[in-house]
Amino acid sequence: MKSLLKSVALLLVTVSVVSCKDNLKPNYQYMPNMYESVAYETYGESNAFKGGRVSQVPPQGTIKRGFTPYDLPNTTEGYNASKLVTTSPLDSTAVDMKKAEELYVIYCAICHGTAGDGKGKLVKQEKFLGVPSYKDRPVTKGSIFHVVTFGLNSMGSHANQLSSDERWLVAEYVLKLKGQL
């Protein structure tokens, strides 16, 4: 008899729990604001993004963090003025020739050759012609930095790949190669 009562009680509890669930209507939610938040239009009231365009510009005279400005323009006059620069802003103890050589091999040797003789792999394969040897060029640290920054003739700029300090290191290494030729 006790087992029959237990069975009936269990059946009634099961039926009552199952009968309360309705898949068409969700049950009550505890703290409904956490489940269904109010939607906000991102930057909806800002004039900066009207028409899908960004109109925010940085204030005049600001530069991004870590950027060192270079005052000479990308012109022939700027290149000629860069030839007058014979010193690097790097401290002499900051010049790491091993790192400079690594940077040169990665970015320059493919065209200029590991010895700076203008016979890199791409020149030997005749992909680029007329890459000069450093011994034939009157270059200074400033003119090398200028050319690496802006590019010259068919050589493109390496300013996006190399930081300002790394470009000065490459200039130091190019002058070392020029001395060895």
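Student: Does H158 count as buried or exposed, and at what relative accessibility?

Tutor: Keep in mind that we're looking at a predicted model. H158 counts as buried, because its relative accessibility is 17% and the cut-off for buried is under 20%. You'll find H158 in the loop between α7 and α8. Leaving aside residues up to four places away in sequence, H158 touches Y107, V148 and T149.

Now compare N153, which sits in that loop between α7 and α8 too. N153 is exposed, with a relative accessible area of 75%. Its backbone is worth a glance as well: phi of N153 is near 55°, a positive value in a residue other than glycine. You can find another such case at E126, where phi is near 60°, again positive in a non-glycine residue. E126 lies in the loop between α6 (121-124) and α7, and at 62% relative accessibility E126 counts as exposed.

α7 and α8 pack at an angle of about 125°, with their axes 9 Å apart. That makes α7 oblique to α8, and α7 passes α8 in a right-handed crossing. On the α7 side, the residues that meet α8 are K141, G142, I144, F145, V148 and T149. Their partners in α8 are S164, R167, W168, V170, A171, E172, V174 and L175.

Not counting residues up to four places away in sequence, V170 touches L103, Y104, C108, V148 and L162. So what does V170 belong to? The largest nonpolar core has 18 residues, and Y104, V170 and V174 touch the most other members. α4 (97-107), α7 (141-150) and α8 (164-180) each supply at least two residues of this core. The largest share, 7 residues, comes from α8.

That brings in α4, whose buried residues are A100, L103 and Y104. Seen down the axis of α4, these buried residues fall within an arc of 100°, so they line one face of the helix. They pack against α5 (109-112) and α8.

To zoom out, the protein has 8 helices and 0 strands, so along the sequence the pattern is simply α-α-α-α-α-α-α-α. Of its 181 residues, 25% count as buried, and H158 is one of the buried ones. As for how the chain connects to itself, take the contacts between residues at least 6 apart in sequence: 58% of them join residues at least 24 apart.

Methods:
Residues are numbered from 1 along each chain as its sequence is written. This is a predicted model: local features need pLDDT of at least 70, side-chain atom pairs count only at pLDDT 80 or more; totals for chains, interfaces and linings use all residues. Side-chain values use heavy atoms; hydrogens and water are left out. A nonpolar core is a set of buried Ala, Val, Leu, Ile, Met, Phe, Trp, Tyr and Cys residues joined through side-chain atoms within 4.5 Å. Buried means under 20% relative accessible area, exposed over 50%, partly exposed in between (1.4 Å probe, protein chains only). Helices (H or I, at least four residues) and strands (E, at least two) are DSSP runs, numbered from the N terminus. Contact means heavy atoms within 4.5 Å. The arc is that of the directions from the helix axis to the C-beta atoms. Axes are lines fitted to C-alpha atoms, for helices over the stretch in contact, and angles run from 0 to 180 degrees between N-to-C directions. Angles under 35 degrees count as roughly parallel, over 145 as roughly antiparallel, 65 to 115 as roughly perpendicular and the rest as oblique. A crossing is left-handed if the near helix is turned anticlockwise from the far one by less than a right angle, and right-handed if clockwise.
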